[in-house]
Every structure is written in structure tokens, then in C-alpha cells.
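Subject: The structure for you to look through

Hi there,

Here is the structure I promised to pass on. Have it open while you read, and my notes on what I found follow below.

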Amino acid sequence: MPNEAPFEKVLIANRGEIAVRVIRACQELGIETVAVYSELDREALHVRLADHAFALGGQTAAESYLNTDAILDAIEQSGADAVHPGYGFFSENADFARAITERGVTFVGPPPEAIEVMGDKISAREAAEKVGVHGVPGITEFLTNPDEVVAFGNDKGWPVAIKAAFGGGGRGMKVVNSPDEAPEALEAAQRESLAYFARDECYLERYLTKPRHIEIQVLCDSHGNAVHLSQRDCSAQRRHQKLIEEAPAPGLPDDIALAMGEAAVKVALGSNYTNAGTVEFLYEDGEFFYLEMNTRLQVEHPVTELVTGLDLVALQLHVAAGGALPFTQDDVSVTGHAIEVRINAEDPAGGAFLPSPGPIQRLRVPSGFGVRWDGGYEEGDEVSQYYDNLVGKLICHGKDRDTAIARTLRALREFEIQGVKTTIPADIAILDHPDFAAVEHSTKWVEEVLDLSETAASDPTAPTGDETEPKVRRDAVVEVNGKRFDVAVWVPESAGGAAGPAKKQRRRSASGSAGGGSGSGDVTVPMQGTIVKVSVEVGDEVEVGETIVVLEAMKMENNVAAEKAGTVKEIRVATGDSVSGGDVVAVIA
Ligand code: MV4
């Protein structure tokens with residue numbers, strides 16, 4: 001690849017580990033970096049690493065990283081000539097891409113038209129069909145009557161999936177096992193779809209009972225060149241939240257791997273795609289079916305980087321600047337095997353995966369041969385309830401899959417983190433399981449087979465936030481017209497109370513859980529989000545740990561559990577309600 005910097009100054013419209021990842025790539029390319037930050041992130045790692053930083057104001061994502069005016073203002077003031085959106089936030093927002101392009105600033109991502117086509121399932125499926133790439137066999141005409149479901153099931157076989165045409169993330173998808181379930185399932189799918197997406201159109205597919213989720217990384221330039229870069233298997237997930245990803249997809253026959261790669265490139269070229277993207281497939285019994293295309297750099301991109309040796313972020317910047325792909329498909333080769341483990345601040349105990357925000361009081365990340373850490377935090381930083389709670393990703397490479405698994409387990413056991421509970425125990429349980437070793441897992445496996453009931457909290461000593469006076473490392477921050485400047489001032493530890501927000505520790509409940517007091521009958525939600533399910537009724541008897549409501553926050557669902565056994569006296573929310581962290585949703589007495 002040419003060594004000339006593709007841009008002078010890139011603004012990273014994101015936070016956490018992905019902002020850090022992009023900043024590092026820019027630094028290696030000699031590009032100046034501009035961070036943006038919310039009030040809670042004034043001291044965050046991405047801000048510390050960037051050359052410049054602009055305040056967005058606000059605390060919640062909506063007030064800060066999703067505040068279009070504030071971001072556009074920062075772009076303007078910073079003089080950035082390109083914006084990298086990371087994932088989430090504005091990464092798949094065609095209007096945002098257009099708004100910055102109109103200002104003469106390059107969007108490091110695909111054209112807005114391609115984002116739009118892939119933005120809804122129907123047009124995304126049509127875009128694939130158009131180039132001869134097929135989804136799961138089904139009927140894409142909108143359903144009007146449960147009899148259509150029955151006729152399809154009787155003809156093609158049960159089970160059948162009813163899917164929300166304008167849905168996503170499994171929301172609105174209903175599995176129908178037999179004719180008698182059809183009326184209720186269709187009604188439920190339409191109702192859910194209407195509640196979430198304000199549209200109730202649904203369609204039908206054969207339901208695959210044990211599929212693997214295999215996706216293909218593609219990279220396209222603006223000169224009509226496109227390559228596929230191995231596969232990623234992301235089957236180890238729960239509630240549509242991926243836990244572990246690996247590359248290449250294990251046990252995939254070479255001819256199928258090639259056909260999937262070629263199908264992915266066809267879909268991309270057929271929709272005039274440029275930049276990095278991912279085409280998702282379901283794979284079962286030697287057949288693969290197109291699912292959708294993600295028009296962004298994904299969380300799990302590093303496993304592809306480790307097996308191909310390609311820097312995807314550097315390549316994104318290169319093609320965004322108009323550069324041609326510096327290699328062809330024939331030059332792409334895959335070496336060894338890579339595994340990524342997502343380390344989220346969540347407590348996986350009992351399979352609940354309850355968010356566990358808070359200050360990271362201790363963090364020692366593993367290193368050694370074949371180990372990469374892409375983190376968004378360092379010791380002393382705080383994981384806020386307002387944002388995605390991904391602390392970082394551990395990515396290990398080995399000469400083959402067994403070596404990569406052993407290396408990842410070794411590294412996870414070296415990992416030391418205190419102050420927040422993490423998904424590490426669940427990650428270890430998966431990697432240590434014979435089903436995972438034998439590739440007998442599927443997308444349902446974590447929820448239906450893996451037993452996390454004995455999984456201990458990752459940090460049983462439990463944080464209180466009050467025990468450990470954090471070490472004071474003080475760089476004073478001055479904001480002038482919303483631009484951040486660091487001023488090195490060394491504050492004596494006794495004056496630590498004057499420290500910035502990263503050092504201010506919220507009082508937390510003795511259990512260390514962010515939600516509710518220990519054993520409290522008030523069931524509180526740990527973070528802001530939307531209630532997607534109320535699992536109990538007034539009068540129900542519940543046990544400690546039983547799910548009371550399901551909260552969707554940051555694109556994932558969280559079970560909010562009873563902390564006390566008893567009778568449900570009150571339910572204060574309904575499906576679809578928005579709640580804030582700390583809101584009481586039910587009362588148990
Ligand atoms: C399916 C399926 C089985 N059969 N479609 C869930 C999210 C949405 N994007 C597609 N999903 C699925 N569609 C048919 N016809 C199983 C899933 C599915 C799944 C897919 C990918 C990754 C994880 C998953 C977990 C459960 C179900």
C-alpha cells in the first residue's frame with residue numbers, strides 16, 4: 001500500500017475501543033486525529049490518545065455521540081478532512097454520511113445509497129437476489145393471513161420463521177412449529193414489529209434449527225475492485241449479542257468457503273458498495289443462505305486482520321481517499337486461526353449477563369506470543385451505564401484452531417480486572433467446552449446448551465467504589481470554545497477530591513450490582529433503555545434471580561432479575577416503555 005497519508009486529519013465520531021483502534025491506525029499513517037467526547041468521557045482513553053479533542057456535551061449517547069449538530073460542529077471546527085464513524089452511532093446513517101460529504105469531508109465508509117439499500121431487510125434481500133445470492137427459502141410477499149403460514153409449512157416442512165420485514169436483531173421473529181401455532185405467532189410478530197419499527201409487514205422463511213452464523217468480510221475500492229477476506233464464525237452468541245468470534249470458519253469445506261466469498265463479493269459489487277463491509281450468512285448442513293449486509297467496520301474485524309495480515313482500518317482510509325486496492329484476490333492468503341473474545345462489563349452468572357458498569361479499579365491485560373488487546377479503557381477509567389459496556393477485545397492467533405483456543409484460554413486466565421464484573425467466565429466456559437472444540441455449537445447453543453448456572457462472578461470480591469482510593473494521575477483539562485486542551489498539573493493525592501469525573505466514584509450498592517440494593521424488593525433497571533418484555537404478572541411468586549423484565553439497551557437485551565423472593569405487588573412498566581437507569585419497574589414484597 002502506498003505510504004502517503006490518505007488524509008491530513010481524521011475525526012473519529014465514536015468512543016471506546018473502536019475509537020482507540022482507529023486513532024492508532026491513523027497515528028501509524030501519520031494522520032492527525034480528532035476525538036470527540038461526552039461529559040462522561042472527558043478523560044477517556046480515546047481522548048487521551050488523540051491529538052485533538054472536542055466536547056460534544058451531554059451524557060447519554062443521544063445527547064453526545066448521536067448529537068448530529070454537535071458532531072457536525074466539531075467536524076467544522078477541527079478542520080478534519082475525513083470522519084471515521086467506527087461501529088454503532090452514525091456508522092450506518094446515510095443522512096449523516098450525506099451531511100458530511102456535502103461539507104466536503106470524506107465519510108470513511110460506503111456510499112449513502114448502499115447504506116440505505118442494506119438498511120432494510122427487504123431491499124437488502126432484493127439486492128442479493130438480483131445477483132443470484134439467495135436467502136433462506138421463503139415467501140417475501142407480506143403475509144396477510146395465518147393460512148399462508150400453514151400452507152407454506154405443510155408444503156415445505158416445519159418449523160417456519162415469521163420475520164418482521166423492517167425489523168432487525170431477531171426482533172419480531174417468531175418460530176412456528178406447527179399449524180395450530182400460526183395465528184398467534186403471526187399476530188405476535190406483527191404486534192412486536194409495530195411496537196419496535198412502527199411497521200407491521202412480515203414475511204416467511206423456512207426456519208433453520210441449528211444454523212451457524214458465518215460472515216464474510218469484503219473490501220471494495222471505488223474503481224470496481226472487490227475482495228473477500230476469509231470468513232468469521234460468530235455462532236457463540238446470546239440474545240443476538242456475540243461473545244466469541246473466530247476466523248476462518250472452522251470445518252467449512254473449501255468449495256463452500258469459496259462460494260460464500262464469491263457470493264459476498266457479488267452482493268457488494270451489485271449494490272455499488274465501497275469500503276469495508278460484511279455479508280452475513282446462515283450455514284447449515286452444507287448449505288448457506290444470505291442474511292444481510294453490515295455496512296460498517298465490525299467489532300470482530302481483528303480476527304480477519306490476524307489471519308490475513310491486513311490492516312482493515314488503514315485499508316478503509318486508503319480506499320475512502322480514492323485509492324485502489326493494493327492487492328488482488330489471488331494475493332489474499334489465510335494463515336493460522338484467530339479467536340476474539342469480547343470482554344464486556346456484564347455479570348454472566350446464571351446466564352443473566354446483567355450490566356455491571358463502574359470504575360475499573362484494577363486492569364492487567366495478558367500479553368505474550370499471539371496475543372492482541374484492543375481495549376477502550378485502562379485501569380482507573382470508568383465504564384458508564386450510558387454506553388456499550390464492551391471493555392475491550394482479546395484476540396489470539398495461533399497456527400491452528402486448537403492452538404488458538406489454548407492460547408485464548410491461557411490469556412483469559414492471566415487477565416486481571418476488578419471493579420466491574422465481566423463476561424470472562426462465560427468466555428472461558430465456551431472455549432473450554434467440548435462442543436466448541438468439536439464445532440458442534442450453533443447460534444442457539446449458548447442459550448440452550450451451555451450451562452452457566454455454576455458460573456461465578458468474575459470478581460467475587462465485589463467492588464464498592466469506596467474501598468480503594470484511586471491513584472491520582474491528574475492532567476487538568478481546559479475547554480476553550482469546546483476544544484479540549486491538556487494542562488499538566490500534578491495534584492497531591494489529598495486534593496484528589498478535586499479530580500475530574502473519571503476519578504469521582506459513584507457510591508454503589510454493597511453487592512456491587514448497579515441495579516437496586518441488595519435483596520431489595522424494588523426491581524430497578526441498571527441502565528437506560530426500552531422494556532421489551534415484562535415476564536411476570538402482579539401476584540406471581542418469584543425467586544431470587546428470576547427475570548422480571550427484559551431491558552433492551554445498546555442493542556442488546558438484559559434480563560432484570562428479582563433480588564428478593566416474594567410476590568410481585570406492582571408492575572410499573574409495559575412493553576415498549578423507555579426507562580432510565582435506577583427506575584423502579586416492579587415491586588416485590
Ligand atoms: C433465522 C434463523 C433460522 N432460520 N432465519 C436472527 C437475527 C436475524 N438477523 C436473523 N436471525 C435468524 N434468522 C431462519 N430462516 C436463525 C436466526 C438466529 C440467529 C442468526 C444469526 C445469529 C444469531 C442468531 C441467533 C438466533 C437466531
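Two strands each give at least two residues to the shell around the ligand: E9, which runs over 202–206, and E14, which runs over 287–294. Before you go further, please keep in mind that this is a predicted model.

In total, 16 residues surround the ligand, and the closest are Lys163, Glu205, Arg206, Leu208 and Gln237. What kinds of residue make up this shell? Six of the shell residues are nonpolar, five are polar and five are charged.

The side chain of Glu205 has an N or O atom 2.8 Å from a nitrogen atom of the ligand. For Arg206, a backbone N or O atom lies 2.7 Å from a ligand nitrogen. Glu292 brings in its side chain, with an N or O atom 3.3 Å from a nitrogen atom of the ligand. The ligand on its own has 520 Å² of accessible area, and the protein covers 93% of that.

Where does the ligand sit in relation to the domains? The domain assignment divides the chain into domain 1 (9–108), domain 2 (137–206), domain 3 (212–448) and domain 4 (522–588). Because domain 2 and domain 3 both give residues to the shell, the ligand lies between them. The C-alpha centres of domain 2 and domain 3 are 30 Å apart.

Next, the cysteines. How many disulfides does the structure hold? The number is zero. Cys396 is in no disulfide, and the nearest cysteine sulfur, which belongs to Cys234, is 16 Å away. A disulfide needs the two sulfur atoms within 2.5 Å. Cys396 has a relative accessibility of 0%, so it counts as buried. Cys202 is buried too, with a relative accessible area of 0%.

Helix H13 covers residues 424–431 and is mostly covered, with seven of its eight residues buried. Those buried residues are Ile424, Pro425, Ala426, Asp427, Ile428, Ile430 and Leu431. Helix H11 spans residues 312–320 and contains His318. Is His318 buried or exposed? His318 counts as buried because its relative accessibility is 11%, and the cut-off for buried is under 20%. The side chain of His318 also reaches the backbone oxygen of Ala324, at 2.7 Å.

Last, a few places elsewhere along the chain. Gly135 lies in the loop between helix H6 (121–129) and strand E6 (138–139). With 6% relative accessibility, Gly135 counts as buried.

Asp522 belongs to strand E26, residues 522–524. Asp522 counts as partly exposed, since its relative accessibility is 36%. From the C-alpha atom of Asp522 to that of Asp388 is 25 Å, and these two residues are 134 residues apart along the chain.

If you want a place to begin, go back to the ligand and pick out Glu205, Arg206 and Leu208, which are among the closest residues to it.

Happy exploring, and write back with any questions!

Best wishes

How values were computed: Residues are numbered from 1 along each chain as its sequence is written. This is a predicted model: local features need pLDDT of at least 70, side-chain atom pairs count only at pLDDT 80 or more; totals for chains, interfaces and linings use all residues. Side-chain values use heavy atoms; hydrogens and water are left out. Buried means under 20% relative accessible area, exposed over 50%, partly exposed in between (1.4 Å probe, protein chains only). Helices (H or I, at least four residues) and strands (E, at least two) are DSSP runs, numbered from the N terminus. A polar contact is a pair of N or O atoms within 3.5 Å; within protein, one must be able to donate a hydrogen and the other to accept it, and residues adjacent in sequence count only if both atoms are side-chain atoms. Domain bounds come from an automatic or database domain assignment. A residue is near a molecule or strand if one of its heavy atoms lies within 4 Å of it. Accessible areas come from the Shrake-Rupley method with a 1.4 Å probe; for residues, only the protein chains shown count as cover. Ala, Val, Leu, Ile, Met, Phe, Trp, Tyr, Cys and Pro count as nonpolar, Asp, Glu, Lys and Arg as charged, and the others, Gly among them, as polar.
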